[in-house]
Every structure is written in C-alpha cells, then in structure tokens.
Amino acid sequence: MKLERVVEGRGPVVVLLHGFPLNRAMWDAQREGLRDTFRVIVPDLRGMGASGGAAGEASMDLLADDVIELLDAEKVEGPFVLGGLSMGGYVALSIVERSAARLRGLMLLDTRAGADSPEAAQNRRALADRVEAAGSVDEVIASFLPKVLGKTTHAERPALVERVRQMMGATAPAGAAACLRGMASRPDRTAVLAKLDRPALVLVGEEDALTTPDESREMAEALPQGQLEIIAGAGHLTCLENSQATTEAIKRFLEKLA
Ligand code: MLT
C-alpha cells in the first residue's frame with residue numbers, strides 16, 4: 001500500500017522508521033538536521049499516522065514490504081541508510097533480512113532483535129483486542145506513555161510528555177491493534193545481526209527501560225561493524241527526548257559513511 005510520507009533534501013538517501021504508537025513527526029528534528037546534506041525519507045508506517053490500511057494483524061514483514069514499495073516509488077536505486085526506532089527497528093530488521101544488499105548502513109535506535117516472550121506476546125494480543133473493542137487508544141497511551149519516556153523527561157519536561165501523549169492519541173485504534181498483533185508475532189532476528197556486512201549504529205537512551213543500554217551493547221557487539229552511542233538524559237524516545245544529541249550522533253555516523 002502507498003504510505004504517507006515526507007521526502008526532503010538532496011544527497012545520499014536516509015530512511016527513518018518511527019516507533020509505536022507514534023508517527024513520522026517523531027523525526028522532525030532529525031529531518032531538519034539532515035535535509036541540507038541528505039535526502040531524507042520519513043513515512044508513516046501502515047496503520048499509524050496518516051497511513052491507514054491496517055486491519056487484523058499487520059506483520060513487521062508487511063510493514064517492511066510497504067517501505068520497500070515506497071522506496072521503489074521514490075526511485076531509490078542506489079544504496080540507502082535505513083534507520084528505525086523501536087518498532088521501526090523491528091521493521092528495519094525485516095528489511096535487513098531480505099534486502100541487505102540494498103543498504104549502505106543501518107541505524108537501530110532503542111530497539112531489539114529478539115522476539116517477544118510468550119507472555120509478552122499474549123499481553124499484547126489481549127491489549128489489541130481491548131483496543132479494538134473499545135474503539136479507543138486510551139489504554140495504549142496509559143500503558144506506553146509512562147514507559148517510553150525517561151525519568152528526566154517525566155520529571156522536567158511536561159510539554160514533551162503532553163506532545164507524545166497527543167501523538168499517541170492520534171493513532172487509529174485499528175492501526176494500533178494491528179501493529180500490536182504484528183509485534184507479538186515477529187520472529188527473533190538476532191541471527192540477522194551477525195550476517196550484516198555493513199556499518200551499523202546502535203543508539204539508545206541512557207534511561208531507556210524498555211530496550212536497555214545493556215541489551216543495546218549486546219546488539220552492537222553482535223553486529224560485525226557495529227558501534228554504540230548512549231544518549232544522555234533520554235529514555236526510549238531518544239529522537240524526541242534529546243533530539244540534538246541524537247541528530248548529532250546520526251550525522252556523525254552518516255558523514256563517516258558518505
Ligand atoms: C515502540 O516504541 O515502538 C514500542 O515500545 C515497541 C514495543 O512495544 O516493543
């Protein structure tokens with residue numbers, strides 16, 4: 001399906017995939033910081049933001065196929081750098097598994113390569129059913145908002161907490177439910193890391209309680225050309241909570257590749 005997206009700037013292509021239950025606006029600061037030297041492509045994934053099209057279960061592979069279709073539609077022929085935060089990272093790893101030859105480099109932010117535990121998957125599917133039945137994402141917000149932001153953000157940045165709440169609230173219930181089921185069913189892609197012969201940045205907030213700095217270090221070590229960046233004062237949503245440090249880390253990585 002055709003994804004809604006923003007495409008800006010000229011230069012080597014960088015694709016940024018957002019997390020759950022969010023949308024492309026999450027990357028606004030990075031898009032602004034990169035567009036003078038890169039062609040930045042930032043979609044709303046299926047079911048999220050302005051892209052509809054999700055019902056039942058939206059697998060990470062399906063979301064990845066949409067992104068590949070988008071890149072073909074945008075005539076991206078040369079190698080590109082792919083970045084994904086959290087759920088965006090799950091989608092990115094599906095692309096890596098099937099299309100690594102098209103990549104110039106990979107950026108995994110606040111994400112993991114492993115699958116959900118059976119219990120976590122069951123909880124997600126139960127939440128998806130309740131969201132659908134209620135026709136509201138209120139319970140998703142109540143569950144995710146406390147976890148995705150770091151303690152510094154919760155204590156010191158009420159306006160950012162409110163912005164993230166609103167971003168989450170703009171997600172369609174059907175889309176949220178479909179992506180929850182898709183995340184619950186995703187396979188373990190740890191083995192994909194060791195096979196990637198491309199430079200890879202693993203970036204994580206020092207206060208990220210969902211995908212921790214320790215887990216991120218393990219991912220960076222599993223990647224043959226992996227490097228780790230830890231972002232101060234940020235939880236799981238590094239690109240929003242410390243947007244400047246995140247943009248700078250991404251830029252350093254991209255400039256080394258160019
Ligand atoms: C996200 O930020 O995309 C989600 O926290 C991912 C997840 O729930 O596994």
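**A chat about a ligand and its neighbours**

Colleague: How far is the backbone N or O atom of Phe-20 from an oxygen atom of the ligand?

Modeller: That backbone atom of Phe-20 lies 2.7 Å from the ligand oxygen, a polar contact (a pair of N or O atoms within 3.5 Å). Keep in mind that this is a predicted model, where local features need pLDDT of at least 70, side-chain atom pairs count only at pLDDT 80 or more, and totals for chains, interfaces and linings use all residues. Residues are numbered from 1 along each chain as its sequence is written, and side-chain values use heavy atoms, leaving out hydrogens and water.

Colleague: Which residues are around the ligand?

Modeller: They are Gly-19, Phe-20, Ser-86, Met-87, Tyr-90, Arg-124, Phe-144, Met-183, Leu-210 and His-236, each with a heavy atom within 4 Å of the ligand.

Colleague: Back to Phe-20: is its peptide bond to Pro-21 cis or trans?

Modeller: The bond is cis, with omega near -5 degrees. Pro-21 sits in the loop between strand S2 (13-17) and helix H1 (28-34); helices (H or I, at least four residues) and strands (E, at least two) are DSSP runs.

Colleague: And Ser-86, is its phi positive or negative?

Modeller: Ser-86 has a positive phi of about 55 degrees, although it is not a glycine. You'll find Ser-86 in the loop between strand S4 (80-85) and H3.

Colleague: New topic! How do H2 and H3 cross?

Modeller: The axes of H2 (residues 60-73) and H3 (residues 87-99) come within 8 Å and cross at roughly 75 degrees (lines fitted to C-alpha atoms over the stretch in contact, angles from 0 to 180 degrees). H2 and H3 are therefore roughly perpendicular, a label for 65 to 115 degrees.

Colleague: Which residues of H2 and H3 meet?

Modeller: Among them are Leu-63, Ala-64 and Val-67 in H2, and Met-87, Tyr-90 and Val-91 in H3, where contact means heavy atoms within 4.5 Å.

Technical notes. Angles under 35 degrees count as roughly parallel, over 145 as roughly antiparallel, 65 to 115 as roughly perpendicular and the rest as oblique. A polar contact is a pair of N or O atoms within 3.5 Å; within protein, one must be able to donate a hydrogen and the other to accept it, and residues adjacent in sequence count only if both atoms are side-chain atoms.
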